[in-house]
Amino acid sequence: MTLQNNTLPSILLLAMLTACSPSDETATSNADKTTPVNNDSVAAEQTDHFPYVFDQIGENSWVMHGPRELPNPENKGFMNNPGIIKTSVGLVIIDPGSTVHVGENVLKKIKSISDLPIVAIFNTHVHGDHWLANQAIKAAYPNVKIYGHQNMLDEIAEGAGEEWLTLMDNMTDGASKGTTVVAPDNAVNSDDVIKIGETQFKTHHYGVAHTNTDIMIEVVEESIVFLGDNVLAKRVPRMTDGNFQGSIASINSILETNAKHYVPGHGPTSDSSMVKDYLNYLALIYKAAQQAFEDDLDSSDVLAITKQTTTAYKDWYGYDDLLGSQGAQAYNEVEEAEF
Ligand SMILES: [Zn+2]
């Protein structure tokens with residue numbers, strides 16, 4: 001299954017509809033600005049404000065855990081988990097972020113950890129919040145190699161990058177302006193092992209899961225897996241470009257790596273218990289859809305079941321907005337599998 005071009009505008013619409021509503025907070029902070037002094041310097045400070053830091057995960061690996069909410073004017077589009085791995089020949093970045101400005105800020109933070117050059121980037125999938133910052137890294141290190149799945153390269157060649165630029169621009173009220181499409185230039189597939197210095201990067205792709213473009217990156221010597229959006233922590237997925245069955249199968253496969261550390265696309269890094277927790281959520285949705293189908297109920301009836309069975313996840317970001325549509329989607333998958 002290939003991502004149809006016409007699915008991107010619907011993602012845009014959906015994403016905008018389900019974006020967290022910052023209007024209340026904005027109203028409060030505007031009300032606080034009673035004295036219009038030093039507006040310029042306040043604005044300048046806000047522009048440069050990037051309070052995120054890299055957390056060390058392994059001996060040679062770090063992750064910056066971005067905010068879990070969708071891109072908005074306050075986070076300026078930053079919402080993912082950029083990773084860095086130190087190798088004997090330089091640094092490798094996984095998913096540098098969502099805009100050129102985010103990439104520049106991430107680069108500044110990287111320099112506080114190591115002066116080594118950046119020699120490679122891996123992009124986990126085609127969603128722009130993970131890779132539009134490639135531009136900033138490429139500008140600073142023109143020889144950097146950028147790895148992504150062949151399907152990602154194909155979708156970008158068909159215009160997916162431009163669609164994501166528009167989406168990011170709309171969602172951040174223009175905070176992403178200046179960002180251009182810098183796509184991966186090295187295609188990888190499942191079970192490729194790319195040796196950079198003494199470090200092995202093994203890429204895992206199991207067909208359509210979160211999207212048709214996913215790679216999960218196992219850094220063998222660090223016993224760490226970057227999962228992309230195939231696994232999220234404390235956040236429910238937007239499944240519009242993927243499916244439940246493929247996601248469940250992919251997650252079961254990646255657990256076989258028995259890695260020590262798993263880095264989700266969004267949310268805190270942890271061990272396999274975090275991965276299993278997310279897997280359980282997907283399985284509960286799919287199971288409810290199967291039950292509804294067997295009981296001759298409608299796709300809209302899945303929600304009544306999942307509201308009962310997924311209460312442990314009710315505090316996860318996006319739960320209230322997405323539970324209904326996820327049940328309906330899983331029901332369609334069950335129906336398709338039957339015929
Ligand atoms: Zn994604």
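## Strand pairing

Two strands count as paired if DSSP finds at least two bridges between them. In this predicted model, strand E2 (residues 61-64) and strand E3 (residues 83-87) pair over three bridges, in the antiparallel sense. Valine 63 has glycine 83 in E3 as its bridge partner.

## The sheet

E2 and E3 belong to an open sheet of seven strands. The order is E1-E2-E3-E4-E5-E6-E7, and the pairing is mixed. Strand E1 (54-58) and strand E7 (186-188) stand at the edges. Each has a single partner strand, so one side of each lacks a neighbour in the sheet. On average, neighbouring strands of this sheet are turned by 25° against each other, direction ignored.

Helix H6 (residues 150-157) packs on the sheet. This helix touches strand E6 (145-149) and E7. The direction of H6 makes about 95° with that of E6.

## The H8–H9 pair

Helix H8 (residues 244-255) packs against helix H9 (residues 272-294) at an angle of about 155°. Their axes are 10 Å apart. Angles over 145 degrees count as roughly antiparallel, so H8 is roughly antiparallel to H9. The crossing of the two helices is left-handed.

Which residues of H8 meet H9? They are Phe244, Ser247, Ile248, Ile251 and Leu255. On the H9 side, the contact is made by Ser272, Val275, Leu279, Leu282, Ala283, Ile285 and Tyr286. The residues of this contact divide into ten nonpolar and two polar, with no charged ones.

Conventions: Residues are numbered from 1 along each chain as its sequence is written. This is a predicted model: local features need pLDDT of at least 70, side-chain atom pairs count only at pLDDT 80 or more; totals for chains, interfaces and linings use all residues. Helices (H or I, at least four residues) and strands (E, at least two) are DSSP runs, numbered from the N terminus. Axes are lines fitted to C-alpha atoms, for helices over the stretch in contact, and angles run from 0 to 180 degrees between N-to-C directions. Two residues are in contact if their C-beta atoms, placed from the backbone, lie within 7 Å. Angles under 35 degrees count as roughly parallel, over 145 as roughly antiparallel, 65 to 115 as roughly perpendicular and the rest as oblique. A crossing is left-handed if the near helix is turned anticlockwise from the far one by less than a right angle, and right-handed if clockwise. Ala, Val, Leu, Ile, Met, Phe, Trp, Tyr, Cys and Pro count as nonpolar, Asp, Glu, Lys and Arg as charged, and the others, Gly among them, as polar.
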